[in-house]
Amino acid sequence: MGRSGRVTLSDVAKASGVSRATVSFVLNDDPRQTISAATRERVTEAARELGYVPHGIARALREGSSRIVVLNVDRGIEGNFSRSYVRGLDEELAEHDHVLLVRHGHAAPEATQKILDAIVPRAVLRLGEAYMSGHESDETDEQGDAGGQGDAGEPDEQVRESGFAANAALQIGFLADRGHTRIAMALPDHEFPLTKARLGFAREAARRRGLAPLERLVVPRPREAGAAAVEAFLAAHAEVTALAAFDDDIALRSLTALRDLGLRVPEDVAVIGFDDTEYGSLSTPALTTVRIDAEILGRIAARDALGIDTEGLAPVRGQIVDRASV
């Protein structure tokens, strides 16, 4: 054993009775070396018994990068989408002998670069990029229409049928099917990476349904501010009967504000969330929401990062979790 207590190539060489170079050739499966099957078996058995693990830094220098993939998760992207995405990404990487490192929240570029320089990652990903792949311009313009449009002023078929657009439209369709024609989009009081795109796709879904243009409601923190914002909004938009929230967090803030104002949910105003966090099932009334299983998206992102064919992997469309708030 080395001084650090870590099993080294020399330890494996001593246990198997061969040179250190031979151990290296066997464990790295060097195709340029002719080594007998018996020797290969003896080396691999010794390595297995000793619990030898390749040194990451040495392998990074040899391969040009480590077997670490970094995932940056922006704040505000929490829920079933992120959990399932990370699960799929992690499991797919593990199947191909790679490790996932997840970084949450905002970090200074200098700090991020120091980490990247130290671990030399195979790839650096951002949560949700696979979801929006090819649709970076799908944001609202000043009139609130979805970007990425063709000459006819409509999103192209690829954008409209992508997981992101389809899932955003689920909320609006569910409300419309239950008779709601005047809907507002409840949004956070600060921008998240997908806020503009979500609003744009929701407005497009309302237009396609023949509904009135979606109103925009910002529900701020703290609780009192949220109630005041909802009260002022409903006073100015008495015709609105339903709120489609940016996520479950905003939906629960909206539910609380409505109850503080003495309004009934769903009798006076319906509320639907997005991304099915656990807390939605514990609220009163229990929150109707959209559940998104992004495990396949995580697996696709992993294969893309490793340069592996993604054939046979297709995103799964979200589903409505029908509870009591609509």
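Leucine 243 touches Leu175, Ala184, Leu217, Ser254, Leu258, Val269, Ala270, Val271 and Ile272, when residues up to four places away in sequence are not counted, and contact here means heavy atoms within 4.5 Å. This is a predicted model, in which local features need pLDDT of at least 70 and side-chain atom pairs count only at pLDDT 80 or more, while totals for chains, interfaces and linings use all residues. Residues are numbered from 1 along each chain as its sequence is written, and side-chain values use heavy atoms, with hydrogens and water left out.

Leu243 belongs to the largest nonpolar core, which has 40 residues, and Ile172, Ile183, Leu243, Leu258 and Val271 are the ones that touch the most other members. A nonpolar core is a set of buried Ala, Val, Leu, Ile, Met, Phe, Trp, Tyr and Cys residues joined through side-chain atoms within 4.5 Å; buried means under 20% relative accessible area, exposed means over 50%, and partly exposed lies in between, with a 1.4 Å probe and protein chains only. At least two residues of this core come from each of α8 (163-177), β4 (183-187), α9 (195-208), α10, β6 (242-245), α11 and β7, and α11 gives the most, with six residues. A second, separate core of 22 residues includes Leu127, Leu170, Ala305 and Leu306. In soluble globular proteins, nonpolar side chains tend to be buried together.

Turning to the chain as a whole, there are 13 helices and nine strands, where helices (H or I, at least four residues) and strands (E, at least two) are DSSP runs numbered from the N terminus. Of the 326 residues, 45% count as buried. Among contacts between residues at least 6 apart in sequence, 73% join residues at least 24 apart. The accessible surface comes to about 16800 Å², of which 49% belongs to carbon and sulfur atoms; such areas come from the Shrake-Rupley method with a 1.4 Å probe, and for residues only the protein chains shown count as cover.

Helix α13 (residues 295-306) contains Ala305 and Leu306 among its buried residues, and both of these are included in the second core. The helix is mostly covered, with nine of its twelve residues buried, and its buried residues pack against α5 and β3. From its first C-alpha to its last it reaches 17 Å, close to the 16 Å expected at 1.5 Å a residue, the expected span being 1.5 Å times one less than the number of residues. After α13 comes glycine 307, whose phi is positive, near 70 degrees.

Strand β3 (residues 123-126) has a covered face, made of Ala123 and Leu125, and an uncovered one, made of Val124 and Arg126. In a regular strand the side chains alternate between the two faces of the sheet. Strand β1 (residues 68-73) pairs with β3 in the parallel sense over four bridges, and two strands are said to pair if DSSP finds at least two bridges between them. Within this arrangement, valine 70 stands opposite valine 124 in β3.

Serine 283 lies in the loop between α12 and β8 (289-291), and the residue is buried, with a relative accessible area of 17%. A polar atom of its side chain lies 3.0 Å from the backbone oxygen of glycine 280, and the side chain also reaches the backbone nitrogen of leucine 287 at 3.4 Å. Leaving aside neighbours within four places in sequence, serine 283 is in contact with Leu252 and Leu255.

Most residues other than glycine have a negative phi, and most peptide bonds are trans. Aspartate 97, however, has a positive phi of about 65 degrees although it is not a glycine; this residue lies in the loop between α5 (80-95) and β2 (99-104), and it counts as partly exposed at 44% relative accessibility. Aspartate 275 has a positive phi near 100 degrees and is found in the loop between β7 and α12 (278-282), but aspartate 275 is buried, with a relative accessible area of 7%. A cis peptide bond joins arginine 221 and proline 222, with omega about -5 degrees, and proline 222 lies in the loop between β5 (215-218) and α10 (223-236). Another cis peptide bond joins valine 265 and proline 266, with omega about 10 degrees, and proline 266 is placed in the loop between α11 (248-260) and β7 (270-272).

Terms used. A polar contact is a pair of N or O atoms within 3.5 Å; within protein, one must be able to donate a hydrogen and the other to accept it, and residues adjacent in sequence count only if both atoms are side-chain atoms.
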